Amino acid sequence: MMYPRGEKFPYNNSGYVLLAMIIEKVTGTYFDRYLQESVFDKCGMASTGYYELDRLPAKCANNYIYCNETNDYRTNIFSVDVKGTGAGGAFITVRDIIRFWTDLLEGNIISKAFVSDMLSKQSGDGGDAEEGDYGYGVWIIDNPDGKDFAYFQGCDPGVSFLSEYNPNNEMISVLVSNYGDNVWREMRKIREALY
């Protein structure tokens, strides 16, 4: 622990790895299989999964890292886990993430009451306006002119991802890069132009 309980909120990937292990223990199913059956299949996310890097399905994009020494790109295969964990690493598509948000918001994955709690501030101090506070599994950005925005994100060498839900206009934004580009900068542009 970095701080006494309740004193300060720091996001922690290890907490999600531990949560995945708890899910495995309680369900008796591997975490990736549990998510496949309970979320991905349920939402019709046919192109999403926790794939092993040496067993990627057809049409799966490789991820690239710029190499200064050779002035070109190389794949990230030696820079990330062989398979994702509770802290991330799923392969996704933009359409599948929209399906996820749609089913989540309609109460098809968890109850609408819990979705409301999930998309509400639970932790954090809001000190960083861009990072915001934390709900249950999503970040919350304060919106003084309406309902707060919710987003989830991820990055590893050669890949970055950000998806945001704006409840004021029911807009879902999804940005994915297999070059590790700055999806956060691009999301700021979307907010300025469309919110």
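**Stop one: a charged network**

Start by selecting Asp 32, Glu 52, Arg 55 and Lys 83: salt bridges link these residues in a network. A salt bridge here is a side-chain nitrogen of Lys or Arg within 4 Å of a carboxyl oxygen of Asp or Glu. The structure holds ten of them.

Before you go on, some ground rules: this is a predicted model, in which local features need pLDDT of at least 70 and side-chain atom pairs count only at pLDDT 80 or more, while totals for chains, interfaces and linings use all residues. Residues are numbered from 1 along each chain as its sequence is written, and side-chain values use heavy atoms, with hydrogens and water left out.

Now pick Arg 33 and Glu 37, a salt bridge whose closest N and O atoms are 3.7 Å apart. Both sit in helix H2 (residues 31–40), four residues apart, so about one helical turn separates them. Helices are DSSP runs of H or I with at least four residues, strands are runs of E with at least two, and both are numbered from the N terminus. Glu 37 is partly exposed at 46% relative accessible area, and Arg 33 is partly exposed at 41%. The cut-offs: buried is under 20% relative accessible area, exposed is over 50%, and partly exposed is in between (1.4 Å probe, protein chains only).

Next, select Lys 121 and Asp 142, whose side chains meet in a salt bridge at 3.0 Å, N to O. This pair links distant parts of the chain, 21 residues apart: Lys 121 is in the loop between helix H4 (112–118) and strand S3 (133–134), Asp 142 in the loop between strand S4 (139–141) and S5.

Then hop to helix H5 (residues 183–194), where Glu 186 and Lys 189 lie three residues apart, about one turn of the helix. Their side chains form a salt bridge too (3.4 Å, N to O).

**Stop three: the strands around S6**

Color strand S6 (residues 159–166): is it mostly covered or uncovered? Covered, with seven of its eight residues buried.

On one side, bring up S5 (residues 149–156), which runs antiparallel to S6 and is joined to S6 by seven bridges. Strands count as paired if DSSP finds at least two bridges between them. Look for Gly 154 opposite Phe 161 in S6. In this hairpin, two residues lie between the strands, and Gly 158 takes a positive phi near 85°.

Finish with S7 (residues 171–177), an antiparallel partner of S6 over seven bridges. Glu 164 stands opposite Ser 173 in S7. Four residues lie between the strands of this hairpin, where Glu 170 has a positive phi near 55°.
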